[in-house]
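Subject: A structure for you to look at

Hi there,

I am passing on a structure that I have been reading through. Please open it first, and then go through my notes with it beside you.

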Amino acid sequence: MQKALRVYGQVLRLVRRLPKDSRPYYAKYARENFVNYRDVEVSDTQILDELFLRAYYHSLWVLNKYSVDESTANKLKEICCG
């Protein structure tokens with residue numbers, strides 16, 4: 001659960017780096033995705049790892065879409081992949 005909260009917080013920090021007009025959409029999108037998966041079993045580490053990895057890759061995609069430097073997602077990568 002702690003890791004999920006750290007991932008969510010880091011995703012929201014990345015949303016702040018997007019253009020102002022797109023921030024509300026991506027903040028809502030991130031929240032909805034985390035809420036949709038809140039019932040996943042904490043003991044099922046394989047599914048959680050897949051969800052965290054997907055959050056990382058989706059974040060990279062959005063950052064690239066708005067030409068934000070990918071290196072800003074390094075901390076998210078550490079949390080999700082390392």
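Below is what I found, going from the whole chain to single residues.

Some ground rules first. This is a predicted model, so its local features need pLDDT of at least 70 and side-chain atom pairs count only at pLDDT 80 or more, while totals for chains, interfaces and linings use all residues. Residues are numbered from 1 along each chain as its sequence is written, and side-chain values use heavy atoms, with hydrogens and water left out.

**The whole chain**

How many helices and strands does the chain have? There are four helices and zero strands, which gives the pattern α-α-α-α along the sequence. Here helices (H or I, at least four residues) and strands (E, at least two) are DSSP runs, numbered from the N terminus.

The C-alpha atoms fill a box of roughly 35 × 25 × 15 Å along the principal axes. The radius of gyration is 12 Å, which agrees with the value near 12 Å for a compact globule of 82 residues. That radius is taken over C-alpha atoms, and the globule rule is 2.2 Å times the number of residues to the power 0.38.

Of the 82 residues, 30% count as buried. Buried means under 20% relative accessible area, exposed means over 50%, and partly exposed is in between (1.4 Å probe, protein chains only). Take the contacts (heavy atoms within 4.5 Å) between residues at least 6 apart in sequence: 61% of them join residues at least 24 apart.

On charge, the chain has 14 positive and 10 negative side chains, and the centres of the two sets lie 9 Å apart. Lys and Arg count as positive and Asp and Glu as negative, without His and the chain ends; each charge is placed at NZ of Lys, CZ of Arg, CG of Asp or CD of Glu.

**The two cysteines**

A disulfide is a pair of cysteine sulfur atoms within 2.5 Å, and the structure holds zero of them. Cys80 is buried, with a relative accessible area of 7%, whereas Cys81 is partly exposed at 44%.

**Helix α3**

Helix α3 covers residues 45–65, and Trp61 is found in it. Trp61 is exposed, with a relative accessible area of 54%. Between Trp61 and Lys75 there are 14 residues in sequence and 16 Å in space, C-alpha to C-alpha.

Ser59 also has its place in helix α3, but at 10% relative accessibility Ser59 counts as buried. Leaving aside residues up to four places away in sequence, Ser59 touches Val11, Leu14 and Leu76.

**Two serines in loops**

Is Ser22 buried or exposed? Although Ser22 lies in the loop between α1 (2–15) and α2 (23–36), Ser22 counts as buried at 6% relative accessibility.

Ser67 sits in the loop between α3 and α4 (74–81), and counts as exposed at 70% relative accessibility. Look at its backbone too: Ser67 has a positive phi of about 55 degrees although it is not a glycine.
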